[in-house]
Amino acid sequence: MALAAVPSDASEADQGIWISRTEIMALPDHGPAWDALVAEAAKPIDPDLSDQTDPSNVRVLARALVATRTGSAQMRKEVLRALEEVQGTEAGARSLSVSRELMAYVIAAELVGMDGAQKDKFEIWLRAVYARNFQGRTLRSTHEERPNNWGTHAGASRLAVAIYLDDRAEIEKAAWVFRGWTGDPAGWRDFKFGERWWQPENGSRNYGINPAGARIS
């Protein structure tokens with residue numbers, strides 16, 4: 001996951017985790033894409049990080065996008081309420097479900113903005129989720145050990161949280177792991193693989209993407 005592209009003269013604070021407020025305000029508020037976004041934002045939500053197929057995270061993010069574009073105070077309130085309700089729902093979850101669900105909530109929180117005690121509580125919770133063991137794996141260990149969809153989902157949520165908290169050391173570590181996954185020899189090398197038949201025999205086998213020209217023996 002990359003930081004959102006922004007104009008060169010945009011302030012760092014306006015870059016956004018995924019998309020900036022400046023970019024959102026420049027997008028149209030009419031047409032098929034907008035109508036689909038509004039329709040998704042109107043669907044019911046019941047946040048549950050332990051359910052990897054729960055659509056609430058996408059719907060909360062849709063509400064945050066609509067709230068940002070329209071300035072709707074009511075829609076923003078609904079997002080803030082969902083950000084309260086999601087806390088604690090990670091109990092009993094696998095790391096995969098938390099990895100898949102969490103990023104959208106973090107992006108939504110950044111878009112609508114949080115203040116005071118609510119913001120403090122949310123950030124304390126995010127730091128706890130970083131370190132929590134989910135059936136044998138943390139978000140960090142999932143990202144660093146699993147080069148499959150588990151690890152890439154975990155990496156995306158890990159990086160979103162790190163950017164939200166402005167945790168520079170964590171951002172750099174997550175980027176290092178991603179570089180290793182892409183095959184960068186200077187990147188992370190400690191992934192744990194299952195099946196290896198899809199990797200080339202020549203060169204290092206400890207990456208998630210085969211290099212250009214790779215052949216499987």
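## Basis of the model

In this predicted model, local features need pLDDT of at least 70 and side-chain atom pairs count only at pLDDT 80 or more, while totals for chains, interfaces and linings use all residues. Residues are numbered from 1 along each chain as its sequence is written, and side-chain values use heavy atoms, with hydrogens and water left out.

## Overall build

The protein has nine helices and zero strands. Helices (H or I, at least four residues) and strands (E, at least two) are DSSP runs, numbered from the N terminus. Along the sequence the pattern reads α-α-α-α-α-α-α-α-α.

Of the 217 residues, 44% count as buried. Buried means under 20% relative accessible area, exposed means over 50%, and partly exposed lies in between (1.4 Å probe, protein chains only). The protein exposes about 11000 Å², by the Shrake-Rupley method with a 1.4 Å probe. Carbon and sulfur atoms supply 54% of that area.

## Helices α5 and α6

Helix α5 covers residues 95-112, and helix α6 covers residues 116-131. Their axes come within 13 Å and cross at roughly 155°. That makes α5 roughly antiparallel to α6. Angles under 35 degrees count as roughly parallel, over 145 as roughly antiparallel, 65 to 115 as roughly perpendicular and the rest as oblique. Axes are lines fitted to C-alpha atoms, for helices over the stretch in contact, and angles run from 0 to 180 degrees between N-to-C directions.

Val98, Leu102, Tyr105, Val106 and Ala109 in α5 meet Phe122, Trp125, Leu126 and Val129 in α6 (contact means heavy atoms within 4.5 Å). By class, this contact has nine nonpolar, no polar and no charged residues. Ala, Val, Leu, Ile, Met, Phe, Trp, Tyr, Cys and Pro count as nonpolar, Asp, Glu, Lys and Arg as charged, and the others, Gly among them, as polar.

## Helices α6 and α8

Helix α8 spans residues 149-164. It packs with α6 at an angle of about 140°, with the axes 11 Å apart. The two helices are therefore oblique to each other.

Lys119, Phe122, Glu123, Leu126 and Tyr130 of α6 touch Arg158, Val161, Ala162 and Tyr164 of α8. Here the classes are six nonpolar, no polar and three charged residues.

## Two loop residues

Glutamine 135 sits in the loop between α6 and α7. Its phi is near 50°, a positive value in a residue other than glycine. At 58% relative accessibility, glutamine 135 counts as exposed.

Aspartate 166 lies in the loop between α8 and α9. Its phi is positive, about 55°, although it is not a glycine. At 46% relative accessibility, aspartate 166 counts as partly exposed.
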